[in-house]
Amino acid sequence: MTQASVGRLSDDVPLPDRLLAVATRLFAERGFEGTSVQEIVNAAGVTKGAMYHYFGSKDDLLYEIYHRLLGLQMRRLEQIADGPGSAEERLRAAALDVLETSFLYLDDFTVFFRSTHLLPRDRREAVRAERRRYQERFRDLVEEGQREGSFRTSMPADIAVLFFFGTVHQIGTWYHPGGRLKTRTIAEHYVDLFLNGLKEH
């Protein structure tokens, strides 16, 4: 990534979004600890004062990267979970969605899971609480499917959900754009494995 390529992205977007986009790409490329505030503002074409008007520190940028992604995924999950269809159909749609948004925002996703441990304790706890709310809503769909008889009750819903998200969180360690499988195909394989594990055999 070059500063010029970042600049082309920045002309028609609000300054906070520009700063987040630049920070995300630099953190993904160089690491959170390997990126300075000066490099971020240089790449975004703004001053430190402009950045500090919106974000008090690099920590704020890191937190906002994940907060925005999880907020997006939570809104989409609630829309799917409250929508039409059986619990199994809605769980399939929700699982596909979390995978597809993770691929779409892969830099954001990767940065967070590499660097969340670097956040101050209060921010780490806030992030864990947000993630827990998301996973609990996801688990509700599994439990609904168990009550409907679509999924076996011998598999604890918590274990199934933790297993699924454990595999999702590893995507950034192996996936590279341009491979032989499209992201939709990968997502469908993941979801098939997850749902098949919930059913009686």
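**Notes on a predicted helical model**

1. Start with one residue. S115 is buried, with a relative accessible area of 6%. Buried means under 20%, so S115 falls within that class because its value is 6%. S115 sits in helix α7. Beyond four places in sequence, the residues touching S115 are F32 and L62.

2. Keep in mind that this is a predicted model. Its mean pLDDT is 90. A pLDDT of 70 or more is reached by 94% of the residues.

3. Treat the start of the chain with care. Over residues 1-10, pLDDT stays under 50. The model still gives this stretch 10 contacts beyond four places in sequence. Where pLDDT is low, the predicted coordinates should not be read in detail. Look at residues 1-10 with that in mind.

4. Next, the overall dimensions. The C-alpha atoms fill a box of roughly 60 × 40 × 30 Å along the principal axes. The chain exposes about 10600 Å². Carbon and sulfur atoms supply 50% of that area.

5. Check how the chain packs against itself. It has 201 residues, and 42% of them are buried. Take the contacts between residues at least 6 apart in sequence: 71% of these join residues at least 24 apart.

6. The largest nonpolar core deserves a close look. It has 61 residues. F138 and F194 have the most contacts inside it. Several helices supply at least two residues each, among them α2 (15-30), α3 (37-44), α7 (106-115) and α11 (183-198). Helix α5 (58-81) is also on that list, and α5 gives the most, with 10 residues.

7. Which residues does F194 touch, leaving out those up to four places away in sequence? They are L91, A95, F138, V142, A160 and F164. Note that F138 is in this set. F138 and F194, the two residues with the most contacts inside the core, therefore touch each other, because contact means heavy atoms within 4.5 Å.

8. Last, the charges. The protein chain carries 27 positive and 29 negative charges. How far apart are their mean positions? The distance is 3 Å.

How values were computed
Residues are numbered from 1 along each chain as its sequence is written. This is a predicted model: local features need pLDDT of at least 70, side-chain atom pairs count only at pLDDT 80 or more; totals for chains, interfaces and linings use all residues. Side-chain values use heavy atoms; hydrogens and water are left out. Buried means under 20% relative accessible area, exposed over 50%, partly exposed in between (1.4 Å probe, protein chains only). Accessible areas come from the Shrake-Rupley method with a 1.4 Å probe; for residues, only the protein chains shown count as cover. Lys and Arg count as positive and Asp and Glu as negative; His and the chain ends are not counted. The place of a charge is taken as NZ of Lys, CZ of Arg, CG of Asp or CD of Glu. A nonpolar core is a set of buried Ala, Val, Leu, Ile, Met, Phe, Trp, Tyr and Cys residues joined through side-chain atoms within 4.5 Å. Helices (H or I, at least four residues) and strands (E, at least two) are DSSP runs, numbered from the N terminus. pLDDT is the predictor's confidence in each residue, from 0 to 100.
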